[in-house]
Every structure is written in C-alpha cells, then in structure tokens.
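Let's walk through this assembly together, one topic at a time. Keep the viewer open as you read.

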Amino acid sequence: MFKNFLYSQKVAPYVFVLPFVLVFLIFWVYPLLSSFGMSFQKVTLGQEAQWVGIDNYTKLMSDTIFFKAVRNSGVYMILTLLILIPFPMLFAVLINNKFMWGREFFKSSFFFPALTSVVVAGTIFRLMFGEMEGSLINSLLGVFGVEPVKFLKGQVTGFIALVALASWRWMGVNMLYFLSGLKNIPDDYYEAASIDGASAFQKFTRITMPLLKPTTIYVLTISIYAGLAMFIESMMLWNGNNSPKNIGLTIVGYLYRQGIEKNNLGYAAAVGIVLLLITMVINLTQLAFSGMFKKED
Amino acid sequence: MKKETAIKIVLFAFFTVVCLLILIPFYAVTIASFKPGEDLIRYGLNLKFDLSVMNFDNFVYLFTGDHAYFTWFFNSVLLTLVQVTLTLLVSATVAYGFSAYEFRGKNFLFICVLLIMMVPFEILLLPLYTLTNNMGLMNSYSAIILPGIAGAATIFFFRQYLSGIPKEIIAAGRVDGASEYGIYLRLILPIMKPSFAAMAILNGMNSWNNFLWPFMVLSSEHKYTLPIGLKTLLTPYGNNYDLLIVGSFFSILPILALFLAFQKYFIDGMTAGAVKG
Amino acid sequence: MKKKGFLALMVVAMVVFLAGCGGSSKEEGGESSVLNAGAGESATELSYWTFVELHGQHFEKMLEKWNAANPDRQIKLNVTVMPYDDMHNKLSIAVQTGVGAPDIADIELGKFPDFLAGTPQLEPLNDVAEPFKGTVVQSQLDLYSKEGNIYGLSTHVGATVAFYNTEILEQAGVDYKTIVTWDDFKKAGMQVYEKTGKYMGTADTSAIWQESLLLAQQGADLTDEAGNPKVNSPELVKALTMLKDLQDNNVISTIAGGQPDTEEAYGEYNSGNYAAAFMPLWQMSRYTNYMADLQGKIAIAPLPVFEKGMPRSYGGGGTGTVVTKTAKDVQLAKDFIAYAKLSLDANIEIWNTLGFDPINMSVWDMKDVTHNPENQFVKYFVNNPFDVLNEIKDEIQLIKSTSASPTINNVLCTVTLNEIFEDGKDVQKALDDAQAQIEQELK
C-alpha cells in the first residue's frame with residue numbers, strides 16, 4: 001500500500017527533489033531566518049540574547065569601518081569586472097583566431113592558476129609583493145631603478161596586489177567561458193560579413209560582442225557575486241584579517257571580525273543581511289537591465 | 001601569405017609574454033621549494049636561480065619529517081572523493097525530478113535553486129555554525145558535505161543536460177513496466193554519464209580548494225584538509241616556511257597531473273555552467 | 001559507467017561517509033601530538049590548545065613530573081598548536097557555543113579581556129593559585145582576573161629590556177652602556193646611521209610595545225582609572241612625538257612585518273639591518289630560534305628613559321593558561337596547570353625551556369639556574385639577562401588590561417601607528433582620531 005503510494009507518478013517527483021528541499025530548508029532558509037532574527041539581538045558571552053530592535057542597523061549606519069569595508073568590496077568588484085571581462089574576451093577572440101599557434105598549450109597554461117587553492121596562491125602573492133628589496137615584484141622594479149615599494153601597506157598598491165591575485169587566478173577561467181561562447185557563433189556570420197567587406201574590428205563589435213552577450217551576462221553575474229563575497233584572498237594576502245588601516249578589509253571580512261573575532265554575533269548578522277541586500281539589488285538590477293527576465297527559453 | 005605569417009608571429013609573441021607572466025609565480029614557488037625557509041624570510045620570494053643555496057632538504061623533510069602533511073593530503077583526497085560522489089548523485093537525482101515531471105510547486109522550487117546561486121554563502125557562516133553545533137556535527141566531514149550536497153549549480157547543469165534527452169525513453173520504460181525509480185536508475189543515469197565527468201571536475205576543484213567553511217568546522221589537526229593545514233603553518237611561532245613552501249608546491253602537483261590527463265573534461269566542466277547562447 | 005560500478009561506488013561512498021560521521025564530534029586535538037609522558041592506562045586524557053609550539057614542550061616536561069608524582073591522578077595531554085588568530089577565534093566560538101572547547105587553553109593577554117566579557121566561560125582558579133600567592137608576583141595574577149576571580153595563570157613577567165647588536169654599535173663607535181636617556185639614544189642612533197648607514201631601531205606599526213613602555217616610564221596608561229580608553233593623553237602624544245622625531249632623524253625606521261616579533265623582522269635583524277630592539281624579555285627565544293647569525297653579538301640592557309630616575313621597564317605581553325567550564329575533569333585540570341605554571345619547579349623550567357622571566361621571582365636569585373653555562377640563552381647572549389633583570393627588578397611597571405584593551409590595541413596597530421609612521425600624519429590628530437574611533441567601536 002505504502003509502496004504503491006511511494007511509487008506512484010504523482011509522488012515520485014517529490015521523492016526526487018526531496019533532498020534539495022531538505023537542504024534548502026535546513027541549510028539555507030533556517031540559517032537565513034535565524035541570521036535575520038539575530039540581527040535584531042545583542043548576544044553576550046554566557047548570557048541570554050537581548051532584543052534590541054534596529055540598534056545594530058543604526059550603529060552600522062554610523063560605522064566608518066563598515067563603510068570602508070563596503071567601499072573596499074565595491075571597488076574590488078568593479079576593478080575585477082573591468083579587468084576580468086574585457087581582457088578574457090579579447091584573449092578568447094585572439095586565441096580562437098585561425099592564425100593562432102599552440103592554441104591548446106596557451107589555453108591550458110592560462111587556466112592553470114585556477115587549480116591552486118586560495119591559501120597557496122594568496123601566500124605566494126603575499127611573498128611576491130613583500131616589501132623587501134629582494135621580493136619578486138620589488139626586485140623586478142629594481143631593474144628599472146624603482147625604489148622598493150611597501151605594496152601591502154598602501155591602499156592603492158595593496159589593491160594592485162589584490163587585483164593581480166584575482167586576475168591571475170580567474171583570467172584563464174573567464175577566457176574559457178568566452179571561448180565556449182564563441183563556439184556557438186556560426187562561422188557563416190563571419191563569412192557573410194567578409195563578403196560585405198566588414199573589417200575585423202567591425203566583425204568583433206557587430207557580430208562577436210552581441211552574440212557573446214549570454215556568456216557575458218553569466219560571467220558578469222558570477223563576478224559580481226565573487227567580488228562582493230571576497231574574503232579569503234584578503235585574509236591570505238595580509239596574513240590575517242587586520243590589514244594596515246583596514247585597506248584590505250571586505251564586507252565578509254568585517255562580518256568575520258565582528259562575529260568571530262569580537263563575538264558580536266548580532267552585529268555581524270546585521271552586516272550579513274546588509275551584504276545580502278546589496279548583492280540581491282545589484283544582481284537583480286543587472287539581470288533586469290540585460291533583459292534576462294524577458295527572454296524565456 | 002606574408003601578412004598571415006606576420007600576424008601569426010605577433011599573436012604568438014603576445015601570448016608567450018602573457019603566458020610567461022602567468023607562470024612566474026609557479027616558477028618562483030618551485031625555485032623557493034629548493035631553498036631553505038630562512039633564505040625566503042631573509043631575501044623574500046624571488047626568481048634567483050642560485051644553485052649554491054638550493055638543495056633537496058625540503059623534499060626530504062616533506063617525505064620523512066615529523067609533521068601531518070600527508071594526513072592532510074589524504075584527508076583532502078578522501079573528502080574530495082566522497083563529497084564529489086555524493087553531490088553528483090544527489091544533484092542528478094534532484095535534477096531528474098525537475099526535468100522529467102510536471103508537479104505542483106516545481107517552478108517555485110526551481111526559482112529557489114536559482115536564488116541559492118545568488119546568495120553569498122558567507123553570510124550564513126554564523127547561523128550555520130550554530131546549527132552544525134546543535135546537530136552535533138562539529139569537527140566532522142558531514143558538516144562540510146551536507147550543506148552542499150544538493151549543489152545549485154550542479155542541479156542547474158544536470159537539468160539543462162537532461163532537457164536534451166528525449167522523453168520517449170521514460171515513456172518506453174513505463175510501458176515495459178519499470179517503476180519510476182527503476183527508470184531513473186536503469187535508463188537515465190547511464191545516459192547521463194558524459195555530463196558526470198564535467199561536473200565531477202568542477203565540484204572536485206571546488207572541494208579540493210574549499211577553505212572557509214571547513215576551516216570553521218574542523219578543529220582537530222588530524223582532520224584538517226590540505227588548505228587548512230597549510231594555513232596553520234603560517235605562524236610566527238613555528239618557523240614553518242620550509243614545509244609551507246614545499247608543501248604548497250607539492251599540493252599543486254597532483255591536481256596538475258589530473259589536469260594534464262583530463263584537460264578536455266576540465267575545460268568542459270568549467271564552462272558547463274555557462275548559459276549557452 | 002556501468003550500473004554495477006556505479007552502485008559499488010555509491011556504497012563505498014556511503015560507507016566512508018558514515019565512518020566519517022561516527023563519533024566525530026567527540027574527538028579533539030591532533031593524534032600526532034598526544035603526550036603520554038609516562039601516563040598509565042587509567043590516565044585521564046585532557047586536551048590543550050596553544051598558539052606557541054614551545055609551550056607544549058614545557059607542558060610535556062611538567063607532565064612527566066606530574067605523572068611521576070601523582071600515580072593515581074595521571075594525565076595524557078592532547079596538544080593542538082594553531083596560529084594565533086585561528087586559535088583564539090576557534091576558542092572564542094567554542095566557549096560561546098559550549099561545544100568543542102579544549103579542557104585547557106592558552107589565551108594571549110591582548111585577547112584575554114574578550115574572554116572575560118559577560119559571564120566568563122572559564123573556571124576561577126583562586127583555590128589552586130592560593131598556595132603560591134606569596135611566591136609569585138601578585139600583579140601577574142591580577143592581570144588575568146575579573147571581580148576578584150583569577151581566570152588565567154601567567155607564564156612570565158615579560159620585563160621589557162633593550163637588545164643591542166654590539167657588532168654594529170662597535171663599528172659605529174657607540175657603547176650601549178652609556179645610553180641612559182632617549183636623548184643619548186638619539187645621539188647614538190644618529191652616529192650609527194652616519195657611520196654604518198644602518199638604523200638603530202624600529203618604528204613599530206603593528207604592535208604597541210614601544211608606546212606601552214614609554215607610557216609606563218611616565219607613570220601613565222592607555223586607559224583611565226575606570227578602564228576607559230584615553231589614547232590621546234599628553235603622555236602618549238609625548239611618546240609618539242619622540243618616536244616620530246627619532247624616525248625623522250633616521251634613528252629608527254619602519255620594518256618589514258611592522259615590529260620586531262614577526263618572521264619578516266627576524267630576517268631583517270638576522271641580516272644585521274637594525275641595531276636595537278626594545279622588547280619584553282621573551283624576545284630572547286626569538287633570537288635563539290630565528291636569528292642564529294647574531295649569536296654572541298646581542299647584549300641586553302635596561303631601556304633608555306625620558307629622564308634619569310624614571311622606571312626602566314614594564315611587563316609586556318603574556319599568556320594566561322585557562323581551564324574551560326566544559327572541561328572533562330575541572331579539578332584535575334586546575335591542579336595540573338597550577339603545578340605546571342606556578343610551582344617553583346615550573347618556574348625554573350619556564351626559564352630553562354622557554355627562556356622567559358618567571359613570575360616566581362625567587363628563581364631570579366638562583367645563580368645555579370640563571371647562570372647555568374649549559375643554558376642555550378646564557379650561551380647566546382653577551383651578558384646574562386638576569387644581571388639586567390635584577391637591576392631593574394623594582395622598576396617593572398604594568399599596563400592595565402581592561403575590556404577596552406583589545407579594541408585600543410586593534411585601532412592603534414591597524415590604523416594609527418601606520419598613519420603616523422608610514423603616512424606622516426600629525427601625532428595629536430592621529431591620536432584624537434584613534435580615541436574617537438575606539439569610543440565609537442566600544443559603544
């Protein structure tokens with residue numbers, strides 16, 4: 001009887017999706033709700049949590065360090081977008097060119113950095129951007145007569161290191177995304193364009209770019225997400241969450257600092273909720289603008 | 001013809017330069033793994049190929065020294081294997097449910113799948129930590145595996161893949177008297193094989209390099225994964241640069257070997273999630 | 001993939017997975033570092049977290065003695081060493097949630113107030129500390145106390161002294177023994193820079209040893225009587241203005257790593273790029289461990305002062321060993337750490353193994369212990385550290401540790417000192433900003 005019920009066509013789909021429903025409820029909905037609730041509380045070691053209304057949020061709005069973190073995450077996101085979308089796209093087009101030698105080799109070596117863990121990559125970059133005369137970047141600059149730079153102590157130079165790390169790891173991956181997008185563009189389009197006498201640049205702007213739009217939107221979406229949620233890269237580059245003058249502090253880093261280093265669970269929850277709002281707003285706006293919701297396929 | 005050759009040379013030269021830039025960090029860490037850790041602290045990570053200070057001491061220490069490196073290494077391998085296998089099986093099952101049936105609440109649930117892909121996991125760290133704690137899963141691999149066992153991106157990909165499989169197979173299976181689950185296990189899963197390779201690679205890479213959540217959950221040294229273990233070496237009270245650098249170097253090798261052997265799958269796996277135009 | 005292979009894989013995965021789950025949450029500590037120390041079958045197993053590998057070695061020595069002396073109360077110790085930040089963060093979460101905490105842990109002084117917030121989830125240690133009250137420095141017990149309860153047992157006094165590289169000083173024609181005031185130091189430093197092109201000392205940006213010692217000399221503190229922050233006090237302005245002047249005259253300079261107690265700085269010192277460090281006495285062990293090239297070249301001396309007659313030292317840094325509320329056998333853990341940290345034997349071993357200045361000051365007078373020619377620290381340094389320690393014995397001041405301390409420390413070390421020494425921001429302005437920032441954060 002029960003077996004018949006379980007094996008019926010009506011019930012089977014629910015059995016199939018049950019694991020997702022469970023995971024979603026237990027590991028997403030519940031924590032999200034409890035995070036939301038916690039953001040209205042003050043939690044003290046060894047004592048009952050107190051309801052404090054919107055205190056955490058009002059405090060957040062006058063917290064200069066929090067705004068520093070938001071600015072850092074925002075700037076990081078924008079810089080990675082500016083670098084990790086146009087360049088990989090360009091590289092993909094170039095590497096896809098029929099005049100290219102050693103295509104497979106270059107594809108592989110560009111992708112290679114993505115295989116390293118952030119811990120390893122971050123440590124290597126921290127040492128490369130060390131402030132000593134003999135550290136890799138400084139020794140290269142030294143060849144051109146540049147004095148050693150304290151990269152990880154300055155806002156601009158620190159971000160150079162941070163963005164270099166991100167670019168190094170993701171350039172090849174994004175390039176592959178665009179390459180797979182390029183595969184879906186029929187060759188006829190280009191041939192037709194050639195007959196009409198279009199230049200290579202025209203072909204790129206009129207055919208390649210518009211037809212790469214779905215790929216671009218995908219890369220844009222994951223890059224926004226990754227940019228705003230960045231934390232470990234900064235933690236590894238500065239060997240901890242306390243960079244000088246907080247130049248490397250990100251929103252998630254601040255959440256970690258408040259929630260885990262300082263035990264302000266309620267306050268940290270408020271930081272998390274604000275981050276969630278920021279991510280949602282940016283991504284939904286972006287998707288709306290790019291017309292993702294209109295097209296149904 | 002002349003012009004084509006010129007273009008070829010320019011392109012090749014350009015990519016060679018970029019490629020060299022990308023490979024510099026690997027070169028530096030390779031060189032450093034042959035130098036004493038003290039050298040690194042004193043002169044920084046650099047490109048100097050100086051045979052007079054280079055030796056195999058670090059490698060000897062890596063393989064014979066008294067440390068937990070290979071415990072971490074083995075843990076990482078084990079965790080990656082288990083996590084990938086379970087995630088793929090569960091996600092494929094869920095994806096099949098979404099793809100093969102029409103049922104009440106289907107669209108809502110699928111929107112939830114898409115939504116997960118947009119919520120930064122990091123904001124759930126603290127409540128998830130408390131939850132894990134209350135479930136008694138602290139310091140266990142289950143705590144790392146369970147939250148991601150129905151991976152949104154993986155479900156999404158499998159569903160896309162399944163939409164290309166003709167529904168007639170299912171109908172034929174029903175005619176033959178197979179149960180709903182039998183159809184999935186005997187008819188569909190075998191056809192999905194090619195898509196598993198790509199997803200295995202994608203999930204495997206994520207799992208192998210996963211850091212933040214395992215780092216919060218695991219507290220005993222003998223359960224650490226490789227990234228966590230390597231990070232514990234970064235302490236001014238231990239002077240562990242010898243092991244750190246050679247360990248970092250060595251941690252790249254197995255995944256590099258896998259990559260070279262299964263390059264095509266890696267690349268397919270990485271791009272599989274991208275929306276097809 | 002054939003069906004059979006697939007199912008087999010699934011079964012294997014499940015088995016491994018379930019095996020991984022079983023009994024997992026109960027284990028703590030690395031199995032690779034269980035200290036048996038002669039413990040028998042019936043020994044109680046206790047876990048211990050620390051961020052200093054050497055502390056584990058000290059405990060190992062003490063454990064052997066304990067197990068031999070207490071056959072009916074033997075202990076096996078699971079030692080887990082984690083990086084500084086990670087250990088404190090994990091411990092903090094563990095005591096907050098009440099799960100996963102070790103029985104015994106080391107908490108660094110700078111983080112200690114965080115663990116005393118609200119209702120401390122640590123065991124009071126008054127009863128086990130009581131027998132040692134007359135023999136150890138009382139202020140070191142007070143340092144880890146709240147409302148009359150002692151929660152942590154101190155490791156050392158941490159008397160701050162000057163470490164001079166005599167080789168560099170000789171090259172420059174400077175005798176460190178003549179440096180009494182900061183003016184002397186400045187003159188000597190300018191001479192060193194002129195003659196050798198090297199810096200005399202460091203302008204620290206990531207630690208406040210220097211600020212603390214300069215405040216202590218003036219009888220001031222980072223907090224007021226009530227424990228509230230006051231970092232823009234005239235005394236601190238004076239201190240930092242003096243340091244800034246030293247920096248402007250090439251006497252001191254910022255260092256890679258931001259302060260002498262970092263791996264980058266060990267390299268700089270070892271290469272002979274800086275001639276002096278003002279650090280608590282435990283910096284000695286950093287010299288012996290990480291700066292082998294300087295063996296036989298480093299002399300220890302009292303700190304320079306603003307004016308002759310001012311106190312020449314303060315107790316810097318420190319680690320309090322605690323017992324958590326969730327400990328398996330609270331009394332056993334308490335008795336053991338009292339034995340391992342406060343007993344006379346322990347204090348002698350703390351000097352022998354760790355090279356720290358023990359809090360039982362009678363050890364300072366034990367010539368056979370302090371001047372043991374086999375001791376690695378005695379061998380390394382030009383002069384005997386205890387000759388200096390005994391000279392400044394009555395001058396060792398203390399900077400209070402209050403609930404505001406971690407925040408003060410964090411703001412000064414991440415922001416303010418960088419602004420002053422890296423960006424050249426005005427001292428008064430930087431400290432006013434720091435005060436405002438600290439007050440905002442503590443709200």
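## Ground rules

A residue is called buried when its relative accessible area is under 20%, exposed when over 50%, and partly exposed in between, with a 1.4 Å probe and protein chains only. By that definition C:E123 is buried, because its relative accessible area is 16%.

This is a predicted model, in which local features need pLDDT of at least 70 and side-chain atom pairs count only at pLDDT 80 or more, while totals for chains, interfaces and linings use all residues. Residues are numbered from 1 along each chain as its sequence is written, chains are lettered from A and ligands numbered from 1 in the order in which they are written, and side-chain values use heavy atoms, with hydrogens and water left out.

## Where chains A and B meet

How many residues does each chain bring to this contact? Chain B gives 92 residues and chain A gives 87, where contact means heavy atoms within 4.5 Å. The size of an interface is often given as the accessible area lost when the parts come together. For chain B and chain A the buried area is about 8,600 Å², and carbon and sulfur atoms give 82% of it; buried area here is the accessible area (1.4 Å probe) that two parts lose on being put together, summed over both. Three residues, B:F15, B:M118 and B:Y181, supply 9% of the area that chain B buries against chain A, more than any other three residues.

Helix α1 of chain B, residues 2-32, provides the largest share of the side that touches chain A, with 18 residues. (Helices are DSSP runs of H or I of at least four residues, strands are E runs of at least two, and both are numbered from the N terminus.) On that side of chain B there are 70 nonpolar, 13 polar and nine charged residues. In this sorting, Ala, Val, Leu, Ile, Met, Phe, Trp, Tyr, Cys and Pro count as nonpolar, Asp, Glu, Lys and Arg as charged, and the others, Gly among them, as polar.

## Chain C as a whole

Chain C has 19 helices and 15 strands. Its radius of gyration is 24 Å, close to the 22 Å that the globule rule gives for 443 residues, so chain C is as compact as a globular protein of that length. The radius is taken over C-alpha atoms, and the rule is 2.2 Å times the number of residues to the power 0.38. Along its principal axes, the C-alpha trace of chain C spans about 80 × 55 × 50 Å.

Of the 443 residues in chain C, 60% are buried. Among contacts in chain C between residues at least 6 apart in sequence, 76% join residues at least 24 apart.

## Salt bridges

Side chains of opposite charge can pair when their charged atoms come close. Over all chains, the whole structure holds 30 salt bridges. In one of them, the side chains of B:K231 and C:D86 meet at 3.2 Å, N to O. That pair crosses between chains, from helix α12 of chain B (residues 226-232) to helix α3 of chain C (residues 84-97). Both B:K231 and C:D86 are buried.

Within chain C, C:K244 pairs with C:D248, their closest N and O atoms being 3.7 Å apart. Both lie in helix α10 (residues 234-248), four residues apart, about one turn of the helix. Buried or exposed? C:K244 counts as buried at 16% relative accessibility, whereas C:D248 counts as exposed at 54%. Another salt bridge joins C:R286 and C:D261 (2.8 Å, N to O). C:R286 lies in helix α12 (residues 283-290) of chain C and C:D261 in the loop between β10 (252-253) and α11 (263-270), so the pair ties together parts that are 25 residues apart in sequence. C:R286 is buried at 9% relative accessibility, and C:D261 is buried at 7%. Salt bridges with shared partners also join A:E131, A:K150, A:K153 and C:E422 into one network.

## Two residues up close

C:E123 sits in the loop between α4 (112-116) and α5 (126-129) of chain C. Not counting residues up to four places away in sequence, C:E123 touches C:I150, C:Y151, C:V323, C:T324, C:K325, C:V330 and C:K334.

In chain A, A:T216 is found in helix α12 (residues 213-228) and counts as buried at 18% relative accessibility. Leaving aside neighbours within four places in sequence, A:T216 is in contact with A:I85, A:M89 and A:F178.

Terms used:
A salt bridge is a side-chain nitrogen of Lys or Arg within 4 Å of a carboxyl oxygen of Asp or Glu.
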